Amino acid sequence: MPEIKSVNPPSPAVSHDEDIGKGQDEKDFIASNEALQPYAEHGATIDHQITQENAIQAHPELWWSRVRHYMREPFSEFFGVFILILFGDGSVAQVVLAGGEKGEYQSISWGWGIGVMLGVYASGISGAHINPAVTLANCIFRKFPWKKFPVYLIAQTLGAFVASGIVYANYLSAINEFEGGPNIRTVPGYSKTATAGIFCTYPAPFMSRTGQFFSEFVASTILMFCIYSLQDNGNLGAGNLTPLGLFFVIFGIGACFGWETGYAINLARDFGPRLMSYFLGYGHEVWAAGNYYFWVPMVSPFFGCVFGGWLYDVFIFTGESPINTPWMGLRRLVRPKEIKSHESEV
């Protein structure tokens with residue numbers, strides 16, 4: 001069972017008076033003025049603030065009620081990514097299969113932006129990470145429990161896997177027509193009528209391996225930096241408008257950085273549908289395309305999101321973060337027992 005947390009995030013304790021507390025012992029000053037304690041970020045995409053944690057379910061004695069309560073976080077992440085892929089892959093399918101008559105590139109940016117916004121709304125119970133790289137960054141910088149990371153990753157990937165299958169089933173007739181037959185399934189770079197790009201990302205032909213990695217890294221860095229800025233109440237913060245803010249973040253990334261690699265910025269979003277497309281008959285080329293590009297969106301977003309979180313905490317964030325501890329958190333690695341002992345005394 002997850003630990004019970006306060007529903008309302010604590011008010012930010014931010015002061016721009018550099019002389020505050022001067023001449024007093026720092027520990028005594030903080031202890032005597034609780035309002036000046038460092039604040040912690042909470043909310044969508046940061047952690048999970050379950051608004052009905054203590055609410056009594058209707059018929060809690062039922063078997064499914066108990067299962068649903070125990071599995072609410074994996075279910076939440078599953079359906080958050082599920083919604084994301086339905087709208088994202090669905091927008092790509094409509095643009096590609098209609099030959100540009102039912103939309104254009106910006107329609108795809110709209111689809112992914114809307115998918116993220118609605119996916120966040122759908123998965124608020126779990127914190128609406130809907131991205132394993134975001135979960136990893138929160139484990140490092142926002143004290144999200146490490147033990148939940150593999151559970152979230154699996155749920156997110158399964159959500160993308162299942163949703164991409166539904167998009168395929170919905171557009172099956174159009175795919176058959178576009179490809180030239182029910183037994184023809186091709187991948188970008190191998191055919192002018194390829195449809196595998198509906199489900200996962202493929203790089204532009206001119207992209208080098210380094211360029212592929214860097215493009216995904218930059219987009220993921222922007223994503224995580226903006227997520228933390230949207231949730232930082234000590235800055236401006238978006239509060240309940242965070243999902244709308246994320247819509248514009250994803251739309252902007254797609255409009256400005258999406259051409260080269262398709263801005264996967266999410267292992268679950270790319271690997272789940274890629275695996276589904278392989279099972280659906282697109283063949284070995286889903287892995288070999290782009291000089292075996294498939295691993296880039298599985299790895300680069302983790303580096304990018306961690307770097308984006310690090311940038312925000314180093315230069316902007318003043319609340320609870322490993323960055324705002326001695327040696328920017330490295331002391332915890334060098335002297336973990338000493339830090340743990342000190343924290344228990346406090």
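Q: What links Phe161, Phe271, Tyr278, Phe279, Trp287 and Phe294 into a cluster?
A: In this predicted model, these six side chains are joined by ring pairs. Two rings count as a pair when their centres lie within 6.5 Å.

Q: How many aromatic pairs does a search of the whole structure find?
A: The search turns up 25 aromatic pairs. In general, a pair of aromatic rings is described by the distance of the centres and the angle of the planes.

Q: Which residues make the contact between H10 and H11, once the axes of the two helices are found to come within 9 Å?
A: Helix H10 (residues 267–282) and helix H11 (residues 285–292) have axes that cross at roughly 120°. From H10, the contact takes in Phe271, Arg274, Leu275, Ser277, Tyr278 and Tyr282, and from H11 it takes in Glu285, Val286 and Trp287. Phe271, Tyr278 and Trp287 also belong to the aromatic cluster.

Q: What makes the charged end of Arg142 count as sitting over the ring of Tyr228?
A: The charged end of Arg142 is 4.0 Å from the centre of the Tyr228 ring. The distance cut-off is 6 Å for CZ of Arg, and the atom must also be within 35 degrees of the ring normal. Arg142 is placed over the ring of Phe317 as well, 4.1 Å from its centre.

Q: Why does Ala128 count as buried?
A: The relative accessibility of Ala128 is 0%, and the cut-off is under 20%, so Ala128 counts as buried.

Q: What about Tyr263: is this residue buried or exposed?
A: With a relative accessibility of 6%, Tyr263 is under the 20% limit and therefore counts as buried. Phi of Tyr263 is also positive, near 40°. Tyr263 lies in the loop between helix H9 (242–257) and H10.

Q: Why does Ile265 count as buried?
A: Ile265 has 5% relative accessibility, which is under 20%, so Ile265 counts as buried. The loop between H9 and H10 holds Ile265. Beyond residues up to four places away in sequence, Ile265 touches Asn131, Glu216, Ala219, Ser220, Leu223, Ile250, Ile253 and Pro301. Leu223 is 42 residues from Ile265 along the chain, with 8.2 Å between the C-alpha atoms.

Q: Why does Glu260 get the label that goes with 31% relative accessibility?
A: Buried is under 20% and exposed is over 50%, so a value in between is called partly exposed. At 31%, Glu260 counts as partly exposed. Glu260 lies in the loop between H9 and H10. Among the residues in contact with Glu260 beyond four places in sequence are Tyr202, Pro203, Phe206 and Ser215. Glu260 and Phe206 are 54 residues apart along the chain, and their C-alpha atoms are separated by 8.6 Å.

Q: How far apart are Gly211 and Thr261 in sequence and in space?
A: They are 50 residues apart in sequence and 9.1 Å apart C-alpha to C-alpha. Gly211 lies in helix H8 (residues 209–231). Its relative accessible area is 22%, so Gly211 is partly exposed.

Q: How many helices and strands does the protein chain have?
A: The chain has 14 helices and 0 strands. Of its 346 residues, 45% count as buried. Among contacts with a separation of 6 or more, 74% are between residues 24 or more positions apart.

Terms used. Residues are numbered from 1 along each chain as its sequence is written. This is a predicted model: local features need pLDDT of at least 70, side-chain atom pairs count only at pLDDT 80 or more; totals for chains, interfaces and linings use all residues. Side-chain values use heavy atoms; hydrogens and water are left out. Axes are lines fitted to C-alpha atoms, for helices over the stretch in contact, and angles run from 0 to 180 degrees between N-to-C directions. Helices (H or I, at least four residues) and strands (E, at least two) are DSSP runs, numbered from the N terminus. Contact means heavy atoms within 4.5 Å. Rings of Phe, Tyr and Trp (its six-membered ring) pair if their centres lie within 6.5 Å; planes under 30 degrees apart count as stacked, over 60 as edge-to-face and the rest as tilted. Buried means under 20% relative accessible area, exposed over 50%, partly exposed in between (1.4 Å probe, protein chains only).
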